[in-house]
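I want to look things up one at a time and jot down what I find.

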Amino acid sequence: MRIRVATSVPAVAAMAACALLLTGCNDDSGSGADSASSPAPTASAATDSSSPAASPSQSAADNGGAATGTAVPVNKTINDDVMGEKATVIKYIKDFQPSAASKAKFSALADEKVVLVDVTVTASSKYYDSFGATSFYLTGMPNGIDQASTTILDDEIKAAGYPPLKDAETGKTSTGWVVFTPTKDADKLVLRYKRLAAKASDGTNITAKNFDVPLD
């Protein structure tokens, strides 16, 4: 991965530079993990208007056949001081029920459960970067492989009142939901933010590192 150092440039130039964002590959082998445990800075983050708490009593008919599940508060933060990125894990839903149409379309859902995680992310202002759902995984899966987030149910969760997380660009903040589909025997959910190895345009080498947040 190669990233560019952010400098004081006109807004138009900065936007153009953002088009030359991160490229690279994941390294799951050698990086350690930090456990994030600090509380969210304010209570208001847990009640962000764009991320409504799920109501277990909401009928499936209200959202195209999908049942919303029950929201569980987390309120833990991840601070990547090297990249200058931050994420607050607000809450998660471990029993979201996709619609019959989605189950018919994606046969693998028969053996999987749908987990939604509500996060606020702030992208680096030190480097030209974007920060979004693709930075998050579920770790500790029964098969030993970290599971990447998926977008296959983004339209459905949006219709159910859970807007998907949009990428935050350099120095910006975004709030939304990230979707995972772990196997039904995954009984311990741990959210992982992966910082990929990179080389900045000024020659700085950034090592890969994982940051873990237990969800339950």
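This is a predicted model: local features need pLDDT of at least 70, side-chain atom pairs count only at pLDDT 80 or more; totals for chains, interfaces and linings use all residues.

**Entry 1**

I looked up Y193 and found it buried, because its relative accessible area is 2%. Residues are numbered from 1 along each chain as its sequence is written, and side-chain values use heavy atoms, with hydrogens and water left out.

Next I checked aromatic pairs. Rings of Phe, Tyr and Trp (its six-membered ring) pair if their centres lie within 6.5 Å; planes under 30 degrees apart are stacked, over 60 edge-to-face, and the rest tilted. I got six aromatic pairs by this rule. In one of them, F131 and F136 have ring centres 5.7 Å apart and planes at 20°, so I wrote down "stacked". Both partners are hidden: F131 is buried at 1% relative accessible area, and F136 is buried at 1% too.

How are the rings of F136 and Y193 arranged? Their centres are 6.3 Å apart and their planes sit at 50°, so this pair is tilted. The pair links distant parts of the chain, since F136 is in strand β8 and Y193 in strand β12, 57 residues apart. Strands here are DSSP runs of E with at least two residues, helices are runs of H or I with at least four, and numbering starts from the N terminus.

**Entry 2: Strand β8**

I followed F136 along its strand. F136 and L138 point one way from β8, Y137 and T139 point the other way, and all are buried.

Which strands pair with β8? β12 joins β8 through four bridges, running antiparallel, and β9 (residues 147–148) pairs with β8 in the antiparallel sense over two bridges. Strands count as paired if DSSP finds at least two bridges between them. On the β12 side, Y137 stands opposite R192; on the β9 side, L138 stands opposite Q147.

I also peeked at S135, which is in the loop between β7 (130–131) and β8. Is S135 buried or exposed? S135 is buried, with a relative accessible area of 15%. Not counting residues up to four places away in sequence, S135 touches R192, Y193 and K194, where contact means heavy atoms within 4.5 Å.

**Entry 3: The nonpolar core**

The core has 26 residues, and V117, V119, F136, L191 and L215 touch the most other members. Elements giving two or more residues include β3 (71–80), β4 (85–96), β5 (114–122) and β8 (136–139). The largest share, four residues, comes from β5.

Leaving aside neighbours within four places in sequence, its contacts include V89, V117, V119, F136, F180 and L215. Apart from this core lies another one of eleven residues, with I93, F96, I157 and W177 among them.

**Entry 4: The open sheet**

I traced four strands in an open sheet, in the order β3-β4-β5-β11, with antiparallel pairing. β3 and β11 are at the edges with a single partner strand each, so one side of each has no neighbour in the sheet. Neighbouring strands here are turned by 20° against each other on average, direction ignored (axes are lines fitted to C-alpha atoms, and angles run from 0 to 180 degrees between N-to-C directions). Between β4 and β5 I noted eight bridges, and Y92 has V117 in β5 as its bridge partner.

N75 is partly exposed, at 25% relative accessible area.

**Entry 5: Whole chain**

I noted three helices and 15 strands. Of the 216 residues, 44% count as buried.

How values were computed: A nonpolar core is a set of buried Ala, Val, Leu, Ile, Met, Phe, Trp, Tyr and Cys residues joined through side-chain atoms within 4.5 Å. Buried means under 20% relative accessible area, exposed over 50%, partly exposed in between (1.4 Å probe, protein chains only).
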